[in-house]
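The sequence and structure are shown first.

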Amino acid sequence: MFIRWFGRALALIGLMMLIQGIFLMSYSVVGGGQSIGPIHFLNGPRDLAPTIPLEEEPVVLLAATVSPTPMPTLSRTATPTPTPVPPTATPAFPARWVATATPRPVPLGEGPEGIPDPRALLPFPPKRVNLLLLGSDQRPGERVGRTDTIILASIDPEEPSVRLLSIPRDLWVYIPGWGFNKINTAYAHGELSRYPGGGYGLLQDTLRYNLGIQAHGYALVNFEGMRTIIDTLGGVEVTVRCPLYDVFPDPDNPAITGTLSLPTPGRYHLDGKHALWYMRSRYSTGDLDRSRRQQQVLEGMLDRLKAGGWLLRIPSLWSGIRQTVQTDLGLDEVVWLASIGMRLDRSRIARGWLHQAVASSQISTTEGLELSIYLPTEQTYAYLERFLLGPLPSRAQPVAWVEIINASGNPLYGELAAEILREAGFEVARMVEAAPDGQPTRVSVLVSTVAPATNQALLHAFRLPRSRLEIAPEPGAEAPYRVWLGADFNPCVR
């Protein structure tokens, strides 16, 4: 029923590619079980599939399929192929970003006692561009919704590279001029209170005040647009680490529930509806794991977008983009971002989650509600500096390279281990399939120049005890580490 939205979907695909396709809206689900009724939210029900009025004529599009079982070899659904356009010269760095504007003073207002001092701004390199990728839970008939997904895309045009940082929607912060609340409420309050710059202005100031992050622009999309994009692309392929089962109200038929069943680790091909369920599920997992799945699916979207050549068609798509996506980006900035996307290798996309560096807590509101929140700590600020400002793994940092020997007996486990390593800040030098040897999973240190902290980080990535670390010097080793995946290897690390 959504193929009639094809025209707008192409427009949204254009912007998604420019900012690396990394944003989506998410909904907080409370409850679970074999069958459920309407999903309930903290502040009232949410409609899961807001209707977007569209005017385009229907366009025939092959429907994406979902393969609910692991597939060593994946078949791809046919997708429309655009007419190739010859590449053009790299556009100049956008004028608005040549120099970071001096942030405006943040009002303290009549907030509660105990307002913290603002954090010092992080010293980003001169040409680093920070974009906020937002997903709104806006309901039909509502003027504005909460930003339940906040992802910072920090783009370095020199490498090029992109660092994606998921910020918990339940992060408890001081919202300038208002008071303390969850960060996902800042955008809506800014819109409704007519804050300078609207919702984005207040969210921008909130991030700067509490975390020292200066944003240069934003893009906001709703739920249905994301589903449409994935289906237009013919679905996405994901590497599932942990078995996942959940049920959701089916947006195509609200009278029934739909099932997401991914029973074993492996490669799956998901259509738009099932991909969104995969990213939204919280029945058996937490918000951190959900954020991991969000970024994983969106990197899969990046692969499909680059293969389709949409970057070369940005100017012709811009009019439709502006009708579908709320953004302050201009066409010159979007074209510049497209040029970065053309040069970007997937290995230069770093993924981070602020969830890992905050303190969890419970608070009671004046209305008697018990809220689960995250609190920033000194560890939070140290993580931000390390992830956003530190060097990314590269061949210039050989200590970050790891060799994988897959002796688990499952040919897919090598790929899963590689993803775990990338998330932990390591790179894979090579991967070798070996016959099962009956030995447990272990880490071998092949050189004598590595630091104990690096050893510990590698063990932590695989949730291994120190007893699984062995010192085995090997002259001429291609990498300082070798990870042996044994019969006990469990890719489901949370």
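## Cavities

In this predicted model, 4 cavities of 30 Å³ or more are found when the whole structure is searched. On a 1 Å grid over the protein atoms alone, a cavity is a set of points where a 1.4 Å probe fits but cannot get out, and lining residues have an atom within 4 Å of a point. Grid points are joined across faces, edges and corners, and a volume is the space filled by probe spheres set on the points.

The second largest cavity holds about 90 Å³ of space. Its lining comprises 14 residues, of which Asp148, Thr149, Ile167, Ser291 and Gln294 are the closest to the centre. E2, E3 and helix H6 (287–308) each contribute at least two lining residues. By class, this lining has 4 nonpolar, 6 polar and 4 charged residues; Ala, Val, Leu, Ile, Met, Phe, Trp, Tyr, Cys and Pro count as nonpolar, Asp, Glu, Lys and Arg as charged, and the others, Gly among them, as polar.

## Basis of the model

Residues are numbered from 1 along each chain as its sequence is written. The model is predicted, with local features needing pLDDT of at least 70 and side-chain atom pairs counting only at pLDDT 80 or more, while totals for chains, interfaces and linings use all residues; side-chain values use heavy atoms, with hydrogens and water left out.

## Overall organisation

The secondary structure of the protein consists of 11 helices and 19 strands. These elements are DSSP runs numbered from the N terminus (helices: H or I, at least four residues; strands: E, at least two). Of the 494 residues, 55% count as buried; buried means under 20% relative accessible area, exposed over 50%, and partly exposed in between, with a 1.4 Å probe and protein chains only. Among contacts between residues at least 6 apart in sequence, 75% join residues at least 24 apart, where contact means heavy atoms within 4.5 Å.

## Nonpolar cores

The largest nonpolar core contains 37 residues, and Leu132, Leu165, Leu171, Leu354, Leu384 and Leu388 touch the most other members. Among the elements that each supply at least two residues of this core are strand E1 (129–136), strand E2 (147–156), strand E3 (161–167), helix H3 (198–211) and helix H9 (378–389). Such a core is a set of buried Ala, Val, Leu, Ile, Met, Phe, Trp, Tyr and Cys residues joined through side-chain atoms within 4.5 Å.

Beyond residues up to four places away in sequence, leucine 384 touches Leu122, Leu165, Leu211, Ile213, Leu354 and Leu389. Another core, of 24 residues, lies apart from the largest one and includes Val221, Phe223, Leu262 and Val297.

Helix H10 (residues 413–423) is mostly covered, with 9 of its 11 residues buried. Among the buried residues of H10 are Tyr413, Leu416, Glu419, Ile420 and Glu423. Just after H10, glycine 425 adopts a positive phi of about 95°.

Serine 444 belongs to strand E17 (residues 442–445) and is buried, with a relative accessible area of 3%. Its side chain forms a polar contact of 2.5 Å with that of glutamate 470. A polar contact is a pair of N or O atoms within 3.5 Å; within protein, one must be able to donate a hydrogen and the other to accept it, and residues adjacent in sequence count only if both atoms are side-chain atoms. Not counting residues up to four places away in sequence, serine 444 touches Glu470, Pro480, Tyr481, Arg482 and Trp484.

## Backbone features in loops

The peptide bond from glutamate 159 to proline 160 is cis, with omega near -10°. Proline 160 lies in the loop between E2 and E3.

Arginine 194, in the loop between H2 and H3, has a positive phi of about 55° although it is not a glycine. With 74% relative accessibility, arginine 194 counts as exposed. Arginine 463 also has a positive phi, near 55°, and is located in the loop between helix H11 (452–461) and strand E18 (469–471). At 41% relative accessibility, arginine 463 counts as partly exposed.

## Further partly exposed residues

Isoleucine 256, in strand E9 (residues 253–262), counts as partly exposed at 42% relative accessibility. Apart from neighbours within four places in sequence, isoleucine 256 is in contact with Phe248, Pro249 and Asp250.

Leucine 121 occupies the loop between helix H1 (6–18) and E1 and is partly exposed, with a relative accessible area of 40%. Leucine 121 and leucine 207 are 86 residues apart in sequence, and their C-alpha atoms are 10.0 Å apart in space.

Note on methods. On a 1 Å grid over the protein atoms alone, a cavity is a set of points where a 1.4 Å probe fits but cannot get out, and a pocket is an open set with protein on both sides within 12 Å along at least five of seven lines; lining residues have an atom within 4 Å of a point.
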